[in-house]
Amino acid sequence: MTLDLLRGHAFLAGMPDGHLQTLAALAEEVCFQEDEVILRAGERSAHFYLLLSGSVCVEANARAVAVRVQALSAGEAFGWSALLDHHDTLFQVRARERSTALRLERQRLAAACRADPVLGAELLRRTLRLVAGRVQATEARLGELCGMRMPRQS
């Protein structure tokens with residue numbers, strides 16, 4: 001069943017079955033309740049997530065307020081800091097509604113990527129696209145907060 005979920009996940013679209021089978025062996029399905037904090041900024045990143053249903057909000061925290069940077073829905077991924085050694089989470093992630101995801105533990109995922117460098121390179125390439133999208137969303141949100149209209153990215 002996990003393999004079918006991975007095959008249908010947009011973040012992994014077109015990935016070879018062998019790589020999907022490796023990831024399926026590592027994945028654990030988890031559920032989050034509305035308003036549950038999944039990742040806290042500044043804490044050590046332990047998991048990478050593939051969102052299956054529902055939606056989550058990526059937030060930047062500033063003392064007493066959390067500013068929404070980006071809303072993510074099924075088919076998207078978060079927790080990319082877990083793919084880096086000894087890296088803390090940069091953004092808080094909160095469930096906007098009841099949501100499910102596949103969770104991949106950092107150390108096991110890193111070991112799989114070291115064992116199969118082609119898988120590792122492909123996963124990092126996809127993750128770089130994710131990070132670039134997060135930077136663009138952050139820039140756009142900061143522009144909105146400052147009253148500036150940012151050009152759309154293609």
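**Ring pairs and a helix contact**

Modeller: F11 is buried, and F48 is buried as well, where buried means under 20% relative accessible area, exposed over 50% and partly exposed in between, with a 1.4 Å probe and protein chains only. This is a predicted model, in which local features need pLDDT of at least 70, side-chain atom pairs count only at pLDDT 80 or more, and totals for chains, interfaces and linings use all residues. Residues are numbered from 1 along each chain as its sequence is written, and side-chain values use heavy atoms, without hydrogens and water.

Biologist: How many aromatic pairs does a search of the whole structure find?

Modeller: Rings of Phe, Tyr and Trp (its six-membered ring) pair if their centres lie within 6.5 Å; planes under 30 degrees apart count as stacked, over 60 as edge-to-face and the rest as tilted. With that rule, the number of aromatic pairs in the whole structure is 3.

Biologist: Is the pair of F11 and F48 stacked or tilted?

Modeller: F11 sits in the loop between helix 1 (2–7) and helix 2, and F48 in strand 3 (residues 47–53), 37 residues apart. Helices (H or I, at least four residues) and strands (E, at least two) are DSSP runs, numbered from the N terminus. The ring centres of F11 and F48 are 5.6 Å apart and the planes are at 55°, so the pair is tilted.

Biologist: What kind of pair do Y49 and F78 form?

Modeller: Y49 lies in strand 3 and F78 in strand 6 (residues 77–78), so their pair ties together parts 29 residues apart in sequence. Both Y49 and F78 are buried. Their ring centres are 4.8 Å apart and their planes are at 10°, so the pair is stacked.

Biologist: Which residues do ring pairs link into a cluster?

Modeller: Y49 and F78, already described as buried, belong to it. The cluster consists of F32, Y49 and F78.

Biologist: Are helix 2 and helix 3 roughly parallel or roughly antiparallel?

Modeller: Helix 2 (residues 17–26) and helix 3 (residues 106–115) pack at about 155°, with axes 10 Å apart. Axes are lines fitted to C-alpha atoms, for helices over the stretch in contact, and angles run from 0 to 180 degrees between N-to-C directions. Angles under 35 degrees count as roughly parallel, over 145 as roughly antiparallel, 65 to 115 as roughly perpendicular and the rest as oblique. Helix 2 and helix 3 are therefore roughly antiparallel.
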